[in-house]
Amino acid sequence: RGRARFADGAPYGIPHLLRVRVLSADRGQSVISARSYREVETSLSTAGHVLVVGTPLLLVLLAGASWVIIGRTLRPITALRRGADEITDTARSRRLPVPEARDEVHSLATTLNDMLTRLEQADVRQRALVSDAAHELRSPLASIRLQLEVALGHPEGQDWRETAEGVLEDTMRLSRLAEDLLALARLDERGGPARREPVELEQLVQQTVERYGEAVTVRLPAP
């Protein structure tokens with residue numbers, strides 16, 4: 001029927017399995033073609049042994065290479081994490097380690113260090129603002145305390161109206177300072193001034209002098 005079959009080669013003096021095919025020839029004759037199947041069996045057996053032994057070995061090699069590559073890739077990220085854990089309130093000036101490779105991790109470390117620099121500068125400005133505010137608040141509070149202590153210590157010769165006016169003036173100074181601090185806090189929440197517009201410098205200086213009185217010293221450049 002023109003299809004190949006397997007046959008035992010022992011009856012024909014061939015001790016192997018044969019792959020046999022019968023072909024029709026001229027004059028009604030048939031041609032029998034046979035070939036030993038041993039080479040194919042040997043190849044299949046060899047391939048099976050290679051797969052049985054080589055596949056686990058290949059998987060082990062692949063896992064080892066993946067572990068080395070992934071470990072090398074994640075090593076800079078681990079260093080960033082450790083550096084971030086070491087940055088505390090007492091070590092704000094420290095920075096994250098920047099890897100030498102010019103890749104995404106390098107860009108991430110640089111961006112984070114820039115962010116830490118901005119946060120440190122903001123913290124310095126905040127501390128300076130708190131220190132200046134405490135210094136400005138100390139003066140009117142000390143004045144109020146002194147006036148009240150003198151008035152209570154010598155009530156018989158005290159001009160209570162004058163004392164009340166002095167305390168009221170210092171209280172107004174405290175109120176203006178509180179308003180300024182509140183305005184600064186609101187501007188800080190908004191990320192800066194809400195709007196920009198021209199300012200008359202002469203009018204601003206006059207308003208400042210009227211508001212703060214002797215606490216303000218104005219120096220004008222020589223013409």
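How much accessible surface does the protein have, and what share of that surface belongs to carbon and sulfur atoms? The accessible surface comes to about 18,800 Å², and 58% of it belongs to carbon and sulfur atoms; areas here come from the Shrake-Rupley method with a 1.4 Å probe, and for residues only the protein chains shown count as cover. The structure is a predicted model, in which local features need pLDDT of at least 70 and side-chain atom pairs count only at pLDDT 80 or more, while totals for chains, interfaces and linings use all residues. Residues are numbered from 1 along each chain as its sequence is written, and side-chain values use heavy atoms, with hydrogens and water left out.

The protein has four helices and three strands, arranged along the sequence as β-β-β-α-α-α-α. Helices (H or I, at least four residues) and strands (E, at least two) are DSSP runs, numbered from the N terminus. Of the 223 residues in the protein, 12% are buried, where buried means under 20% relative accessible area, exposed over 50%, and partly exposed in between (1.4 Å probe, protein chains only). Contacts (heavy atoms within 4.5 Å) can also be sorted by sequence separation: among those between residues at least 6 apart, 27% join residues at least 24 apart.

Helix α1 comes next. This helix covers residues 38–86, and its 49 residues should span 72 Å at 1.5 Å a residue; the end C-alpha atoms are 70 Å apart, which agrees. The expected span is 1.5 Å times one less than the number of residues. At leucine 74, α1 bends by about 35°, and proline 76 follows within four residues; the bend is the angle between axes fitted to the seven residues ending at a position and the seven starting there. An unreviewed UniProt entry places a "transmembrane region" at residues 47–70. UniProt positions are given in the numbering used here, feature names are shortened, and annotations may be inferred rather than shown by experiment. Over residues 47–70, the model is 100% helix and 0% strand, with end C-alpha atoms 32 Å apart.

Helix α2 spans residues 104–153 and includes threonine 117. Threonine 117 is partly exposed because its relative accessible area is 28%. Its C-alpha atom is separated by 8.5 Å from that of arginine 95, which is 22 residues away along the chain.

The structure holds three salt bridges, each defined as a side-chain nitrogen of Lys or Arg within 4 Å of a carboxyl oxygen of Asp or Glu. In one of them, arginine 127 meets aspartate 123 at 2.9 Å, N to O. These two residues are four apart in α2, so about one helical turn separates them. Arginine 145 pairs with glutamate 149, with the closest N and O atoms 2.9 Å apart, and this pair too is four residues apart in α2, about one helical turn. Arginine 145 is exposed at 57%, whereas glutamate 149 is partly exposed at 44%. An α-helix has 3.6 residues a turn, so residues three or four places apart point the same way.

Helix α3 (residues 160–190) contains threonine 163. With a relative accessibility of 5%, threonine 163 counts as buried, and it touches Gln147, Ala151 and Gln158, not counting residues up to four places away in sequence. Also in α3, glutamate 165 and arginine 161 lie four residues apart, about one turn of the helix, and their side chains form a salt bridge at 3.5 Å, N to O. Glutamate 165 is partly exposed at 44%, while arginine 161 is exposed at 62%.
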